[in-house]
Structures are given as structure tokens and as C-alpha cells.
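User: I am new to this structure. Could you walk me through how to read it?

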Amino acid sequence: MNERIDNRDPLNGDATPRWYLIQCKGGESFRAAEHLDNQGYQVFHPVLQVQKKRRGKLCWLDEPLFPYYLFIRLDRLDSNWRPIRSTRGVLKLVGFGDEPLPVADDLIEILRDNASVEAPAQQANVYFRAGEIVEITEGPFRALQAVFDSQKGEERAIVLLSMLQGQQRLEIPIEHLRRNE
């Protein structure tokens, strides 16, 4: 019975790289990711594109999927852990007590797969683009198509509906609109 038993504690002596979670200072996850990357660490900072109003205009912005957090790949033997906590934007490594806890590789793989599949039109977006054809899903104009004109606040939209020999401006709840497919 020459079976070799590996008694190494996976948290204290394993050289296998694992993903860990880093908590960032408020609004500084992009800065932390950039500085860690510049130091040679493998960083995963999942972001998604959202459409927001800036200076009265709608624009696409990258926002963190997990505000205040990012992932870093380290191993317990060869990685230099010391510079991480003093990196700009980093608050701490997330763990239990003084022991950082690894994140399941499966979770990171799922996040990476989903992040690479999404196209901008499928990402989190409560806004429509001006000139886009939309369908009204509820109310007296249900099942009619209209042209999206603008958004009025968070919950209302202005659409142009072709009726009465011209385009009429109509204000309806944005939740009553659907992209025309």
C-alpha cells in the first residue's frame, strides 16, 4: 500500500492559484483593478454597460456588477500578498477572521461566460434609444407600434404615435413599452 496521502491544508500550503474577493473603497473599484493589474496580479472586475443620463444626454457607462468588489487570483505560496492591502482603492481581502476565503472557480467561470456573451442591447437597460420602434403593451393603445422619442423621469416615456393624419406625442409609463422584435 504505497498510496501517497497529501496532508497539506489547501488554505495554508497549496500552490494552486485560487480566486479571492477584494473589497474596495467606495467608488474606487476601477482604480483598484487598474493598480492591481499594473502590479502584475490577475484581476477579474465584472462590469456591465448601463445607459444613464449625463448632462441631459443618454450615454453608455460601464458600472461594476458588484459595486465595491473585485476578484484576484493568487496562490498561497508564490504570490506576493503584501502589496495588495496598500494598493490604491483596495480596502481589504474578504475573509473569515485573518484568513482570506477563496471563491469557487465555478462562480468565476459562470460570471466570465455571461459577461462575454451579453451584447449591449441585451444588457441591463431600462432606456430606449430615440427613434427606436416600440410596441405599447398595455392601455388603450395596446398592440400599436410607436416611435420612442424621449424618457420623462424614471417611469414615463414620450412616444410618437401615428394617428389622426400625423404623429401625436403620447406620454405613457415606460413599463408599458417593449422593444419591437
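**Reading the model, feature by feature**

Analyst: Start with one residue. Arg-142 touches Ile-136 and Thr-137, leaving aside residues up to four places away in sequence. Contact here means heavy atoms within 4.5 Å. This is a predicted model, where local features need pLDDT of at least 70, side-chain atom pairs count only at pLDDT 80 or more, and totals for chains, interfaces and linings use all residues. Residues are numbered from 1 along each chain as its sequence is written, and side-chain values use heavy atoms, with hydrogens and water left out.

User: Where is Arg-142 found? Is Arg-142 buried or exposed?

Analyst: Burial is read from relative accessible area: buried is under 20%, exposed is over 50%, and partly exposed is in between (1.4 Å probe, protein chains only). Arg-142 has 60%, so it is exposed. Arg-142 is in the loop between strand S10 (133–136) and strand S11 (145–152). Its C-alpha is 9.5 Å from that of Leu-177, and the two are 35 residues apart in sequence.

User: How many helices and strands does the protein chain have?

Analyst: Elements are DSSP runs, numbered from the N terminus: helices are H or I with at least four residues, strands are E with at least two. The protein chain has two helices and 14 strands. Of its 181 residues, 31% are buried. Among contacts with a separation of 6 or more, 59% join residues 24 or more positions apart.

User: Which residues does His-176 touch?

Analyst: Not counting residues up to four places away in sequence, His-176 touches Glu-135, Ile-136, Thr-137 and Glu-138. His-176 sits in the loop between strand S13 (167–173) and strand S14 (177–179). Its relative accessible area is 16%, so His-176 is buried.

User: What about the segment before S1? Which residues does Ala-15 touch?

Analyst: Ala-15 lies in that segment. Beyond residues up to four places away in sequence, Ala-15 touches Asp-75 and Leu-77. The C-alpha atoms of Ala-15 and Leu-77 are 5.3 Å apart, across 62 residues of chain. Ala-15 is partly exposed at 33% relative accessibility. Thr-16 is also in the segment before S1. Thr-16 is in contact with Leu-74 and Asp-75, leaving aside neighbours within four places in sequence. At 40% relative accessible area, Thr-16 is partly exposed.

User: How do I read aromatic pairs? How many are there?

Analyst: A pair of aromatic rings is described by the distance of the centres and the angle of the planes. Rings of Phe, Tyr and Trp (its six-membered ring) pair if their centres lie within 6.5 Å; planes under 30 degrees apart are stacked, over 60 edge-to-face, and the rest tilted. By this rule there are four aromatic pairs. Take Tyr-20 and Trp-81: their centres are 5.1 Å apart and their planes at 70 degrees, so the pair is edge-to-face. The pair links distant parts of the chain, 61 residues apart: Tyr-20 is in strand S1 (residues 18–24), Trp-81 in the loop between strand S5 (69–74) and S6. Both Tyr-20 and Trp-81 are buried.

Phe-66 and Phe-71 are also edge-to-face, because their centres are 6.1 Å apart and their planes at 85 degrees. Phe-66 is partly exposed at 32% relative accessibility, while Phe-71 is buried at 4%. Ring pairs join Trp-19, Phe-44, Phe-66 and Phe-71 into a cluster.

User: Which charged end sits over the ring of Trp-81?

Analyst: A charge sits over a ring if NZ of Lys or CZ of Arg is within 6 Å of the ring centre and within 35 degrees of the ring normal. For Trp-81, the charged end is that of Arg-76, 5.2 Å from the ring centre. Arg-112 lies over the face of Phe-44, 4.9 Å from the ring centre.
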